[in-house]
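Hi everyone, thanks for coming. Today I would like to walk you through one structure, step by step. Please have a look at it first.

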Amino acid sequence: MIIINIAAVVVALAVVALVITLIPLIRELKTTAVTVREIAGRMEMDIQPTIKELHNTLSELNVITAGAAEKIDDIQCFMSAVGETGRGLRRISSVVGGAAGALSKSSLWLTGAKVAGSFVYDRFTKKKGGDGYV
């Protein structure tokens, strides 16, 4: 029985030594847990305004996107009108170019006819006058 008593005393002393060494560790863990809880609370307080700002920014972005989507139809209509105007200007340019070409050709014919007429007129008038031109 003495051996059992000695073993019980040794186990008791080992438990006491273990508890004495674990007490600072438990206090440190308790302090760490309190610090972590405070940091988590501060982070939550800091994150809440950021989340609200992000939500407001996303709302504004949705409004801007919706406004841009509404204006896309106007822009497409405007670009279509610009395209039609360009095609109309090309048609007008080709008509004016054709008319200018026709006028230049007819003015060349008229100039040629005038020169030929004046040449023929000069020949006949000089022939009647007797200058010797044949």
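Let me begin with a term: a residue is buried under 20% relative accessible area, exposed over 50%, and partly exposed in between, using a 1.4 Å probe and protein chains only. Ile26 has a relative accessible area of 54%, so Ile26 is exposed. A word on the background: this is a predicted model, where local features need pLDDT of at least 70, side-chain atom pairs count only at pLDDT 80 or more, and totals for chains, interfaces and linings use all residues. Residues are numbered from 1 along each chain as its sequence is written, and side-chain values use heavy atoms, with hydrogens and water left out.

Now, the overall picture. How many helices and strands are there in the protein? There are one helix and zero strands. Helices (H or I, at least four residues) and strands (E, at least two) are DSSP runs, numbered from the N terminus. Helix H1 covers residues 2-129, and Ile26 is found there.

What about the overall dimensions? Along the principal axes, the C-alpha atoms fill a box of roughly 175 × 30 × 20 Å. The radius of gyration is 54 Å, whereas a compact globule of 134 residues would have one near 14 Å. That radius is taken over C-alpha atoms, and the globule rule is 2.2 Å times the number of residues to the power 0.38.

Phe78, in helix H1, is 66 residues from Ala12 in sequence and 93 Å from Ala12 in space, C-alpha to C-alpha. Val120 also lies in helix H1, and the C-alpha atoms of Val120 and Gln48, 72 residues apart along the chain, are separated by 104 Å.

How much of the protein is buried? Of the 134 residues, 0% count as buried. Phe78 counts as exposed because its relative accessibility is 52%, while Val120, at 41%, is partly exposed. The protein exposes about 12000 Å², with carbon and sulfur atoms supplying 71% of it. These areas come from the Shrake-Rupley method with a 1.4 Å probe; for residues, only the protein chains shown count as cover.

Let's return to Ile26. Together with Leu18, Leu22, Leu25 and Leu29, Ile26 forms a nonpolar patch on the surface, with about 470 Å² of accessible area together. Patches are made of residues with over 30% relative accessible area and no salt bridge; like charges are joined within 9 Å, and nonpolar side chains (Val, Leu, Ile, Met, Phe, Trp, Tyr) within 5 Å.

Next, the charges. Side chains of opposite charge can pair when their charged atoms come close. A salt bridge is a side-chain nitrogen of Lys or Arg within 4 Å of a carboxyl oxygen of Asp or Glu. By this rule the count comes to two.

One joins Arg42 and Glu38, with the closest N and O atoms 3.8 Å apart. Arg42 and Glu38 are four residues apart in helix H1, so about one helical turn separates them. Arg42 is exposed at 52% relative accessibility, and Glu38 is partly exposed at 42%.

The other salt bridge links the side chains of Arg87 and Glu84, at 2.7 Å, N to O. Being three residues apart in helix H1, Arg87 and Glu84 are also separated by about one helical turn. Arg87, at 35% relative accessibility, is partly exposed, and so is Glu84, at 45%.
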